[in-house]
Amino acid sequence: MQNLQKEKYKDYFEGKKYNITTFGCQMNEHDSERISYILEDLGYTYTSNREDADFILFNTCLVRENAELKLYGQVSSLKKLKKENPEKIIAVSGCMMQTTTARGVIIDKHPEVDIIFGTKNINSLADLIFRYLETNERVIDISTDDVKDDFEKYNATNDFQAYVNIMRGCDNYCTYCIVPESRGREESRRPYTIIEEVEYLVDQGFKEITLLGQNVNSYGNKANYDFTFPELLARVAKIPGVERIRFTSSHPKDLSDELIDVIRDNDNVCNYFHLPMQSGSNSVLKKMNRHYTIEKYLERANKLKEEIPGIALSTDIIVGFPTETEEDFQKTLQACRKVGFDSAFTFKYSPRPKTVAATYPIIDDKIVQDRFQRLLDELYPTFNEKNKEYIGRIIDVLLESESKNDSSVLTGRTDTFKLVHVKAPKELIGEIVKVKITDNTSFTISGDLVNQ
């Protein structure tokens, strides 16, 4: 049926352009890659100019309130564009649309939106577009069914880095987190489907593969695959031609010695580990429903450092979680000093609908802002010292793009995920080169290209 519809509208799609705006995490970025593949398969071509696009899509995030408010503002800005050209199709997808509250706002207050679909309806996008073209009426498709475990097709952002979903959803139910509501319960893809997908990507020339999941450490727990995440990672590492492997995200409660051993024993698994701490206070961690103590977290962080010298650790930290006291906050600062993070994603607590924490009394924003600034004041000097350690070293860097400020400078990443600036010809984008580090800031390192 879809092929018949595709043939019917072949002339319609000729010359049509699309634009996608993505909010949120790497999972959302990968979803946008899948959406891009479907649109280009229909005949659309990409444009970075939203006003020139015939199909405009917002792929949404619900983890932070700021992303939600930003979406409403950007959708509203298209009302005039839609009025001037009613044939433009405006679509909203992603995590926000999986929840009734956010979806209701789009349905009730934004008539300019023509197609609404959720995180589990991406593969149906072509059919949704055909339905809209047939009826010229708004199409809504939100599914809660399990996702088929098919070989995923998508347009990677570039031709040297690719994401591979290994699982979807989450069963942890942290009291501040909306992910189980927006992405559903945990589902692991079949290991051999994942391995086949990585093999295909390597054959296509991709150098760096990132395995994605809300909590990769719990991969396979609910399935009869006889494959744990460490075993899957080890198998992927042994695929000929895989130069770099990353993964995200990891939950501290499930970080095993076996996983640490796999990272240590495989040179192509990057020496970088994102380990969300969230708080240094056991009282707060318990209210967050994190299922570990700060002592357990520090033990795991120390184990990573002991077994993998030079590994870079990053984290997530929430400031101002309901009931957090000054004593709790001081424990977070103390934990940061003990670990010595290379980088961190820091957030002021943002209550999300349908979460347990949203029912707790919130802390005065002035107190939260003060703590947030003191956390940054604690972290940034450490980041600077960590980056300074690279000066004088020659390191491998995967060059990713031109600098936004200087086209003669390229940016890339070390295997420890350090952002590197180096003067180099743009023909080297996508290559792993050697760079001698000469300078640093708290957030970047820079250096000179070493003759290959």
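## Helices α10 and α11

The crossing of α10 and α11 is left-handed (the near helix is turned anticlockwise from the far one by less than a right angle; clockwise is right-handed). This is a predicted model: local features need pLDDT of at least 70, side-chain atom pairs count only at pLDDT 80 or more, and totals for chains, interfaces and linings use all residues. Residues are numbered from 1 along each chain as its sequence is written, and side-chain values use heavy atoms, without hydrogens or water.

Helix α10 covers residues 229-237 and helix α11 residues 257-265 (helices are DSSP runs of H or I, at least four residues; strands are runs of E, at least two; both are numbered from the N terminus). Their axes lie 8 Å apart, at an angle of about 15° (lines fitted to C-alpha atoms over the stretch in contact; N-to-C angles, 0 to 180 degrees). The two helices are therefore roughly parallel (under 35 degrees; over 145 is roughly antiparallel, 65 to 115 roughly perpendicular, the rest oblique). On α10, Phe229, Pro230, Leu233 and Ala234 make the contact (heavy atoms within 4.5 Å). Their partners on α11 are Glu258, Leu259, Val262 and Ile263.

## Helices α14 and α15

Helix α14 spans residues 326-339, and helix α15 spans 365-388. Their axes come within 10 Å and cross at roughly 15°. That makes α14 roughly parallel to α15. The crossing here is right-handed. From α14, the contact uses Glu326, Phe329, Gln330, Leu333, Cys336 and Arg337. From α15, it uses Arg371, Arg374, Leu375, Glu378 and Leu379.

## Aromatic pairs

The structure holds 15 aromatic pairs (Phe, Tyr or Trp six-membered ring centres within 6.5 Å; stacked under 30 degrees between planes, edge-to-face over 60, otherwise tilted). Tyr44 and Phe55 have ring centres 5.7 Å apart and planes at 55°, so this pair is tilted. The two are eleven residues apart and link distant parts of the chain. Tyr44 sits in the loop between α3 (26-42) and β2 (45-46), Phe55 in strand β3 (residues 55-60). Both Tyr44 and Phe55 are buried (under 20% relative accessible area; exposed is over 50%, partly exposed in between; 1.4 Å probe, protein chains only).

Phe247 and Phe273 pair edge-to-face, with 5.5 Å between centres and 80° between planes. This pair also links distant parts of the chain, 26 residues apart. Phe247 belongs to strand β11 (residues 244-248), Phe273 to strand β12 (residues 272-274). Phe247 counts as buried because its relative accessibility is 9%. Phe273 is buried too, at 0%.

Ring pairs join Tyr12, Phe13, Tyr44, Phe55 and Phe130 into a cluster. The charged end of Lys16 sits over the Tyr12 ring, 4.3 Å from its centre (NZ of Lys or CZ of Arg within 6 Å of the centre and within 35 degrees of the ring normal). Elsewhere, the charged end of Arg413 sits over the ring of Phe417, 4.1 Å from its centre.

Phe130 is one of the buried residues of helix α7 (residues 125-135). Just after α7, Asn136 takes a positive phi of about 55°.

## Around Leu428

Leu428 lies in the loop between β17 (419-423) and β18 (432-440). The residue is partly exposed, with a relative accessible area of 23%. Leaving aside residues up to four places away in sequence, Leu428 touches Leu399, Leu410, Val433 and Leu449. Leu428 and Ser401 are 27 residues apart in sequence, with 9.3 Å between their C-alpha atoms.
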